Amino acid sequence: MTKSRIKINYKVVILLTLCCIFFIFLGSEIYFNKFVIELDYSRIYVKANLSNLNQDIHVTKLLSKFSCSKKPIKLLVVVISNVMYFQRRDTIRKTWGKRLDLHTTNDFRTFFAVAKTTDETTQEKLENEIATYGDVIQGDFYEDYYKLPRKTELVFEWAYKHCEFDYLLKADDDVYVNLMILFQFLDHPDTPKTKLYAGRQHVKTNVFREGKLKVTFEEYGTKNYPDFCSGGSAILSRDVVGSIIPYFQKNPFRLEDVYTGMLMMNAGVVSRHVPSVRMFEKNCDYQNTTLAHHSEIHTKKRSCLLKLFYSMLAQNVESAFIRTHYINVMDDRGK
């Protein structure tokens, strides 16, 4: 009896093996994606806590309780600032933001949000600033880049519980804002009066796994963030501010603008893109149609903010808004 020989086609075996590995990997990948999506879903969406809206308590680290104005105002401006950036706040007061004592209408008011410092000299200087201008709100925590979500939360809470306003502009202290253009945007018939969350919109933004904005898979597993607006300049209607407060999280996502987008998802608010909000520019060139201008290099400099502001004045000397809010009070600004 002769032994039968089985001829093995090694190419077929290898191909079948690779197919098995592929399908096993595909199944694992699908399961992994399903797992992280479910994990991120539970992290993003939280149950509303309506007690957060209690006017008598602060649910954030907000220390300030004063009112922004004796009468309702149309636009409340709150600038996010580091406690050490005295010159930036001073420049904004002397340019587009305007000092509180120079207002003759109820169009807008500008305030600044800061945290605490361990440096006694800086703290004393801050206390003098607060006493002089009365436009600084403060949180009960120390300055840190990754605590910006906490600072944003206290801005929303202070605004909603201590101010009467129609719209809120939340801006960074290295952003130039043309309030004339902003008011034109707010008054435009296509701009919604409620459910407004607008700015430089980011859609399906990739999650960075390296660098300053690095986020680990444990923090956020999927590859895209929820839609959000750049934190440098975002516009919200009052109802939106109130609607997101119940969704403040015990451990907020550490990237402030993304976290705000998560709050909006909970409240069912859709972001709106405003092309005239210019973020991440490489120059300090004034454009008369720009609502907000930010350059990572130039607008951190006092000279750039001054250039943008005075260029705006020069090109709009006949504007009733500009004359009322800026030109007619220029002499007082030098005091």
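Which helices and strands each supply at least two residues of the lining of the largest pocket? I looked this up and found helix 4, strand 4 (165-172), strand 7 (228-237), helix 7 (256-267) and strand 9, where helices (H or I, at least four residues) and strands (E, at least two) are DSSP runs numbered from the N terminus.

I note that this is a predicted model, in which local features need pLDDT of at least 70 and side-chain atom pairs count only at pLDDT 80 or more, while totals for chains, interfaces and linings use all residues. Residues are numbered from 1 along each chain as its sequence is written, and side-chain values use heavy atoms, with hydrogens and water left out.

For the largest pocket I recorded about 1100 Å³ of space; a pocket is an open set of points on a 1 Å grid over the protein atoms alone, where a 1.4 Å probe fits, with protein on both sides within 12 Å along at least five of seven lines, and lining residues have an atom within 4 Å of a point. Its volume is the space filled by probe spheres set on the points, which are joined across faces, edges and corners. Of the 39 lining residues, Tyr-145, Leu-148, Asp-172, Lys-212 and Leu-213 are the closest to the centre of the largest pocket, and strand 7 gives the most to the lining, with 4 residues.

I then followed Tyr-145, which lies in the loop between strand 3 (136-142) and helix 4 (148-162). Tyr-145 counts as partly exposed because its relative accessibility is 36%, the class between buried (under 20%) and exposed (over 50%), with a 1.4 Å probe and protein chains only.
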